[in-house]
Amino acid sequence: MPTNYHKNHQLELLSPYEKFLADVSFNGGDINATFITKADLINKIYSEKWQLTNLSTRGLTTDLTRLYNLELGYKDTEMLLMVFKYWARTMAAGTTESRMGAICSLIGKYGVEIISDAYFLKASYAQLTTSHKKNLNTLFLVLHDIFLKNEFEVQRAWCKDNLPDEKINPHDPINGAYSDTEFNVHIDKALINVSIHRSAWLVNKDDTTFLSYSAAFCKVIVLISSRRAAQLCQCKICDVSNYGVNNDNINIDQKLVSILFHKSKISNSGLRSHPEGDVFPFSEMFSLIILNYLVDYKVLLKKYCDTFEVEFQQLPWECYPLFPDLLSIKCKSDLISPNMHSDLLHRNLGSVITSSTFSVHRIRHSTITRGMESGLNNSELARLTGVTIPAVRNYKDLTPQSRQMINDKFCKNNLLKKSFNWTLKDYNEHFEKVYTDELGRDLGGIKNEVGCTTCTKRLGAPLGCYTCGADLFVPFIEGDHKSQLIKAQAKKSFLVNTGGNHHQLFEISSIIKRIEQVITEQNNINKGLENS
């Protein structure tokens, strides 16, 4: 049998990963080369799996066989490994894992041309999901801006310029702030759960019942502080302190507890590298919950000390995570291993906190919206919730309970007054698009039509434009808005009679109220013109 046939037959028996290793060796690469991840873990570059973190979380490990199985060829695979390695060095484990998975999925569906061929990318771009568009944008950013690969200049510019600008619809009860009733239900349920799970813990003092107790306790902290799971994951015992101690400017009659949280969305940051500027104080009731939790936590650790024959004084108690992954404690060395800058024994809280009925994101919307109604400024709201001052505006909502109050104090009434001061000449010069009614009469204009491309409203224009969360739609004083009100009322009656869902009824009711406001302001302006 010919030698070439024998070699080809051997290659056919090799897995895609084994074939790639052969290519690495053939091209003079070191198959044992290593690199260090953001969590200071050493991995072989050319392995089938990378360990990205010690936490038992999404991104604990990432499967590279997804890339090898694409069989892209040596140069393309090396290029993507280079990008993946950069992400693993600079980004959180979960982010790295999800981006690697998204890129491999995208190439598996569209082929490597989606990256290498700018014309193919542009032709296929409209079919891509928002997630794919975001991940492609990040990929080309690294390839062109970081690694200076000029062959991706067109792709980089295209993805950057055409990336959807997603906005949360502030009238949407699915994404925006909770109503007062909804929030109260969440906090009542959380407090009941803490009580139930603590009672269970006091009966059976084992690690399983404590983990449930700890998860319930965590939910309470989230509801009060609005902090992200990634921030709570970083908390250690040393972050808990008596509020007001050694500070003459704080005068309190009872013992309050505070927690120093650490920022999570900071570029090139490590664990606990960016503490917030101020501690977060808790009320007397919640301080008592925290203190009880710490007492119970100590009791459990002392049981571990008895098991592994360790004195409690030997434990680095201050360095222990506030929310521990107790199942990771297997021996004496695990028990004494935590230190101030290590994530050992820290529990992943993403799945603990978030559920189909609860969102930390909506808690921040609720806190900032209520704070805004109470007159807090952006700096105070940022300190209260842990977000940046520029980010505060993204969480200000118009919920059913707060819409009228916000309209009285903030932008909506001013917008109406400004819109009715435009002349017909101004309309033609300043609006990219003008909407008309069924008879062709002008109703209102769009200030920036690009912002409409990612609008999530299910109701058609111009009816749905009246409640534009981005304030892009300006109603005209000459418009027949009463005809639109009749149309919206008819639509609501149809939804009521046909069993429309809560979200649909909420949307149409918001539109009706908004059109009524427009008509009221329109009448006031017209009366003023008549009197003058």
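## Getting started

Contact here means heavy atoms within 4.5 Å. The structure is a predicted model, in which local features need pLDDT of at least 70 and side-chain atom pairs count only at pLDDT 80 or more, while totals for chains, interfaces and linings use all residues. Residues are numbered from 1 along each chain as its sequence is written, and side-chain values use heavy atoms, with hydrogens and water left out.

Let's begin with Phe-323. Setting aside neighbours within four places in sequence, Phe-323 touches residues including Phe-217, Ile-221, Leu-232, Tyr-293 and Leu-349.

Phe-323 is also among the residues with the most contacts inside the largest nonpolar core, which has 52 residues. Such a core is a set of buried Ala, Val, Leu, Ile, Met, Phe, Trp, Tyr and Cys residues joined through side-chain atoms within 4.5 Å; buried means under 20% relative accessible area, exposed over 50%, and partly exposed in between (1.4 Å probe, protein chains only). Elements giving two or more residues to the core include helix H10 (180-203) and helix H13 (284-308). Helices (H or I, at least four residues) and strands (E, at least two) are DSSP runs, numbered from the N terminus. Another core, of 40 residues, lies apart and includes Leu-72 and Val-142.

## Two cysteines

How many disulfides does the structure hold? There are 0, a disulfide being a pair of cysteine sulfur atoms within 2.5 Å. For Cys-238, the nearest cysteine sulfur is that of Cys-319, 6.3 Å away, too far for a bond. Cys-319 is buried at 14%, whereas Cys-238 is partly exposed at 25%.
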